[in-house]
Amino acid sequence: MKYIDEFRDGDLARGLSAAIRQAAVPARSYHFMEFCGGHTHAISRYGVADLLPDNVRMIHGPGCPVCVLPVGRVDMAIRLALDCGVTLCTYGDTLRVPASDSLSLMKAKARGGDIRMVYSSADALKVAQANPEKQVVFFAIGFETTTPPTAVAIKQAQALGLKNFSVLCCHVLTPSAISTILESPEVRQWGTVPLDGFIGPAHVSTIIGSQPYEFFAEEYRKPVVIAGFEPLDVMQAILMLVKQVNEGRAVVENEFSRAVTREGNVKAQNLVAEVFELRRQFEWRGLNVVPYSGLKIRKEFAEFDAEQRFPVAYVSVADNRACECGAILRGVKKPQDCKLFGTVCTPENPVGSCMVSSEGACAAHYTYGRYKDFQ
Amino acid sequence: MKYIDEFRDGDLARGLSAAIRQAAVPARSYHFMEFCGGHTHAISRYGVADLLPDNVRMIHGPGCPVCVLPVGRVDMAIRLALDCGVTLCTYGDTLRVPASDSLSLMKAKARGGDIRMVYSSADALKVAQANPEKQVVFFAIGFETTTPPTAVAIKQAQALGLKNFSVLCCHVLTPSAISTILESPEVRQWGTVPLDGFIGPAHVSTIIGSQPYEFFAEEYRKPVVIAGFEPLDVMQAILMLVKQVNEGRAVVENEFSRAVTREGNVKAQNLVAEVFELRRQFEWRGLNVVPYSGLKIRKEFAEFDAEQRFPVAYVSVADNRACECGAILRGVKKPQDCKLFGTVCTPENPVGSCMVSSEGACAAHYTYGRYKDFQ
Amino acid sequence: MSEVKRGYVRPLDIRHGRIDLSHGSGGRAMAQLIEELFAAAFDNEFLRQGNDGATLPVPAGGRLVMAADAHVVSPLFFPGGDIGCLSVHGTINDVAVMGAKPLWLSASFILEEGFPLADLKRIVESMASAAKDAGVPIVTGDTKVVEQGKGDGVFITTTGVGVVPDGRELSGDRARPGDAILVSGTLGDHGMAIMAERESLGFSAPIESDTAALHGLIEALLASGADVRVLRDPTRGGLATTLNEIARQSKVGMMLQEKSLPVNPEVAAACEFLGLDPLYVANEGKLVVIVAPEDAEQALAALRAHPLGARAAAVGTVHEDPHHFVQMTTAFGGKRIVDWLTGEQLPRIC
Amino acid sequence: MSEVKRGYVRPLDIRHGRIDLSHGSGGRAMAQLIEELFAAAFDNEFLRQGNDGATLPVPAGGRLVMAADAHVVSPLFFPGGDIGCLSVHGTINDVAVMGAKPLWLSASFILEEGFPLADLKRIVESMASAAKDAGVPIVTGDTKVVEQGKGDGVFITTTGVGVVPDGRELSGDRARPGDAILVSGTLGDHGMAIMAERESLGFSAPIESDTAALHGLIEALLASGADVRVLRDPTRGGLATTLNEIARQSKVGMMLQEKSLPVNPEVAAACEFLGLDPLYVANEGKLVVIVAPEDAEQALAALRAHPLGARAAAVGTVHEDPHHFVQMTTAFGGKRIVDWLTGEQLPRIC
Amino acid sequence: MCLALPCKVVAIDGETATIDVSGMKKDISLALLDDVAVGDYVIVHVGYALTKLDPDEAEKTLALFAEMGEQAMAEAAREIH
Amino acid sequence: MCLALPCKVVAIDGETATIDVSGMKKDISLALLDDVAVGDYVIVHVGYALTKLDPDEAEKTLALFAEMGEQAMAEAAREIH
Ligand code: SF4
Ligand code: SF4
Ligand SMILES: [Mg+2]
Ligand SMILES: [Mg+2]
Ligand SMILES: [Mg+2]
Ligand SMILES: [Mg+2]
Ligand SMILES: [Mg+2]
Ligand SMILES: [Mg+2]
Ligand SMILES: [Mg+2]
Ligand SMILES: [Mg+2]
Ligand SMILES: [Mg+2]
Ligand SMILES: [Mg+2]
């Protein structure tokens, strides 16, 4: 596969591995957070950690829109399907996310909910067109990458005059989450997070561009390297971060220049701005309430807003108290430090956000790395 | 089973058999028509014919509301289910009745029609109450016996204010059919029907009483004996008919006095009169159009009339030309005389009315009696 | 990390859990379902081999018999049994009527998404105890899950293998004119027990399904030394259809005596009410026996001596008939055909 | 009445006909379906016995193997096959991986009311020709009909019986440290061919199911004399799940080499697109072979010499591991666990 | 036609009666029939009682069957001898 | 997160493009992206093209990987000797 296989080359990996080893100063340690689950996934799936020196440690951030979806939001989707009788369309990722009462969308489907997996927001629209007698709700999740397709679907529904299509909008914003990690009072509670730099989002950045990260680099004096999701991209980004740290620099660099510009996709940005507006606050699983971190549908499109159309209000549900996700997402603890890891909390029965999708820190460690716990 | 088993006693049967043999004048032959399929069924199932002398022959009349239901009426029910998307409730008997395009309600169900078997008109009402979002149509068939329960259901639907219940009324009247057999021009076409008397309906008569038959006895000089549906009832009725013929009498006698009075069930009659009125004409499978032989729902109950509510008009469909049902129902031919009998026309694939239900003359002969064709 | 933690998986929540698609995916959820539910209940040395198929000893001599039945009953639980024990009995009986000793069963489940694990457990335990009582282990199986609306709770297909001793010849084509026709007990109990549970028919009756494994009864019958020609279990289509099948296979006619047919009064009453004939109603623990005329008494005595044959009766005889009609002398004194079942057994009003 | 008339029944209208409830009632409609469709297509001496079960010869020596699979695939027809041939191959393979020669199959059908007879005929003929090609007759069976909305067109459960020669010992618990792990060809073709047919995923790819009967390939492999420890067909859950099962049964660990895994480029591309891993995608004509280290080359050569094993590859080795992990050295140079499948293989966006 | 059965009424609750035939029980409607009492036999069709069964008439009818038969048997015996 | 793949555009019909990855084909939406031509590579997420892939930048990045690796290998060789 062109532009994919080349970026997974094992020979080049050995070279970059050597380069990182040489660049890393043995006397110090490097803690980098990859914000995105895509990077976490690449690190786990390709075994990138095995190619890093011991003093370079990756911290898995909160960057998976499935993992951060709070219980209360999934509860809303389940109520729509079970109580309001709507046909709920959703991406496959959300089906196993735990909700209240030991439910999940998968289990709600087993209880008779008409819950359908779609590949695209456009497919949800097709379901609505094909079933005019049913109310169809698209349960929309995702970061900036996934938001523009939802905006397109809403605009098309308006153009088509559809009366049976609406969206339960759970789109969230990455910069706000990064801010929270760096700023929130919990950071103090768990002690200073040793964060030496960030690997910046790949596909989010294709939309928003590299420019938004410049604030973090400046404000918090942290280097940021935007990187692709292939394993060589990740290694190169790590090398670039090590060098910035060594040189005392803190700027935004773009390793993913083949797809990311400073400005991003302005057409997509405008579409999003037309259809959505900021929520004052939004709850993230594992991060609690994050101000201005989510989007809602503008009044002009209220008829396509499932929160307006159906009587389902958001009710916050506390995370399991034994769950250490908050600390893990900030790099203070590792999955293995959680008492529930691999016992009560497994990929089959996830308790916390980090065990939900294969991109969560706990799930990735369980699925790909737990052999290391026995070495 | 009290009041049932006693009327099936084999010892008593032998006695009545002997009595008929003695009463029947050897020099002449006796042709009696049992109008009702219930009598036909009893004759076949218990082997009553084997207990009759050769010169007493039973002619199986048109007395099964399933058999006489014309193709066009079943077509209407199928259109309601397949084209109008209604939930069609019906008695089990009608499921296999052949309709146009090689369909039947059973096959329409296999094509996705929501067609449900009910035991009672009251159950159809329950289906409507339980499924307020669906239009429920009760496909009502039957003679005077089955009409009052339909009237009750319509009155109850009105009392409950149901907006999703209606009835496709195919109720028909026995006296009109008896008249037709005795009067219709076809009788002349096939030659004079040698009819020496009638066994009158059992359960129809519990409702309408014995009085309506007095007209036939007088007008056509034919004896009528109303008889129960147990085999001893049938034999006793035959004995009574033989005696009337021998004595040159032609009156209505009531063998079924344990359940039938001269007046019948006046409460039920009034209910029927309140809800239904005569149709100018109604088509019977095998008898063609019979004037004033069917009921329709009165204007006062028009909202419960499926023919008013849905765009399904009756379209007459000609019976198969090779089918001899018309002649068989008038006693001119026997099932074995039909070219289609047992070949193209079988209980699995009935062509004509007489093969439809187990009470039809052809079906009864096929199912219970065809061994005689090989003796 | 403690020993307890490693590889620990939360046990199935039988009380509240339901089947979802992951139980059929081939992954860990399925492995867990099989281990905690099926393997635990059916446990035997062959299943414990843990492979895709069971390895079994070859019987010494005789011939093998193989028979299969899919079970799709609704409701799943009914007076006298459930789909679980039914699926064990149904296939054991098809093996046993060939004169074989049933040895092993396979069991395949098609589960509908949303099916309660508590119901599944009840069914599996009923199967396990039926298999144990019959002495026929379930040695291999399979589980699939279909989406809601594409199944009906649970379907169970069982296949049985057994061995017939040398010299024992039973087959549907061996009925001869003169042979006696016996049934091992009352007719129609299973089918009517099921119908009584269907809400749409709205009647109740103290009728229990007769579901039972018949191999013990059959061994007792054959041990009597009677020259048995044909054995058959009159399931769907009832006695009437089974006899028509045999008449066609053996190219003979049959004459039944209506008076001799054993029918429970509640079943007879329900049949009258619904316009059905007990001759066509299903049985799941009854045997049709066709036996040489001289051995009829002896066979009947052997049946009656067994608890499952207490109400056995001689109900007719075989005769020559090029048309292979099954006929009946009615209790009333007439004669009629007892034909194959036409269409379905549907309650009727006329 | 002419001879033609007697007992004449109109033949099934395969072109326009559909399954209705009467085809499962046990009556004449069912008998006709079985006779004109199933018996006609599967025709063999055992089925012709016409009884509820088939009588079969006892094999001389060895041990029997019995295996069962329910087949519920959607869509019913897919590039490279259909549910009919799949149901024959699937069970033959479960018998064959025990080292057995498959001898006979049973086949049980659960048909949904409304299913077109023309589709059923196509499926039955596909089964018949798969059975014929494999030399494994379908000797007994069963047919049930469920109401519309309680099935999914057709479900087919097959059970197979075979015989393993004396001295041949294959079982999932026989893998030993040092053993080589081979696969007989490319991974994920069946599962991805099915997904490509699902309209909801909206992609197309020239991918064909690999559905095939593997007993010929297995005989060729075993004839090579290689000391084969375990054979398994990596169906649902894919290679990853199958190896985890074996690792657990044999109480060993495994190490795969990602570079050696054969995957068709279209399958790899579709997996990337849907966020799936070919290690978890189903195969229906592939073999996992665990073989003594010294015989690995010889086994690989034997596989490759057979048309079904042309792309066979050595993909890993067995080692000691008290935790029974299956691990993989990635093409990239790292190491990771290859775990059991969690939940279902669902397309994902993250 | 018009399958209907004599059933014993064993309980009445408003317009609903419970009938019993050899242990088979069912709730039926009395909407078409007044003055039904527990212990009565009614003729039931599609879940509705159509009419009461008159036990005296039933006895009379059965007696008539027997009488007709006995007469005929006696007659037949006379003919043979 | 945000699974997306570089795909070659092989046909365009209005706002819909057909992409091809190693023989796997799919129709995707161009609603978010202007000026796409057949032959271009686009990055596709949930059925929408997010951005074009710049082949020159891709070459440069790969060249950089190689350069970094080669330098390091040379350095490592020097250290050992
Ligand atoms: S193992 Fe589970 S409970 Fe523990 S931190 Fe991770 S997600 Fe939370
Ligand atoms: S056999 Fe069939 S076609 Fe012939 S008269 Fe009877 S019903 Fe009509
Ligand atoms: Mg069977
Ligand atoms: Mg059976
Ligand atoms: Mg059987
Ligand atoms: Mg299996
Ligand atoms: Mg269902
Ligand atoms: Mg199997
Ligand atoms: Mg298999
Ligand atoms: Mg297998
Ligand atoms: Mg069977
Ligand atoms: Mg369906």
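Mentor: Let's start with a term: a salt bridge is a side-chain nitrogen of Lys or Arg within 4 Å of a carboxyl oxygen of Asp or Glu. Here the side chains of Asp339(D) and Arg28(C) meet in one, at 3.0 Å from N to O. This pair crosses between chains: Asp339(D) is in the segment after strand S15 (335-337) of chain D, and Arg28(C) is in helix H1 (residues 28-42) of chain C. Helices (H or I, at least four residues) and strands (E, at least two) are DSSP runs, numbered from the N terminus.

Trainee: Before we go on, how should I read the labels and the model?

Mentor: This is a predicted model, in which local features need pLDDT of at least 70 and side-chain atom pairs count only at pLDDT 80 or more, while totals for chains, interfaces and linings use all residues. Residues are numbered from 1 along each chain as its sequence is written, chains are lettered from A and ligands numbered from 1 in the order in which they are written, and side-chain values use heavy atoms, with hydrogens and water left out.

Trainee: Is Asp339(D) buried or exposed?

Mentor: Buried means under 20% relative accessible area, exposed over 50%, and partly exposed in between (1.4 Å probe, protein chains only). Asp339(D) has a relative accessible area of 1%, so Asp339(D) is buried. Arg28(C), at 10%, counts as buried too.

Trainee: How many salt bridges are there between chain C and chain D?

Mentor: The count between these two chains is 6. One pair is Arg236(C) with Asp142(D), whose closest N and O atoms are 3.1 Å apart.

Trainee: How many residues does the contact take from chain C and chain D?

Mentor: Contact means heavy atoms within 4.5 Å. Chain C gives 73 residues and chain D gives 71. Buried area is the accessible area (1.4 Å probe) that two parts lose on being put together, summed over both. For chain C and chain D this area is about 6000 Å², with 55% from carbon and sulfur atoms.

Trainee: Which residues coordinate the magnesium ion (ligand 9)?

Mentor: Donors are N, O and S atoms within 2.8 Å of the metal (3.2 Å for Na, K and Ca); water is not among the atoms, so sites may look incomplete. The magnesium ion (ligand 9) is coordinated by Asp69(D) (OD), Gly90(D) (O) and Asp94(D) (OD), at 2.0 to 2.7 Å. Asp69(D) also bridges to the magnesium ion (ligand 6), and the two ions lie 4.7 Å apart. Both Asp69(D) and Gly90(D) are buried.
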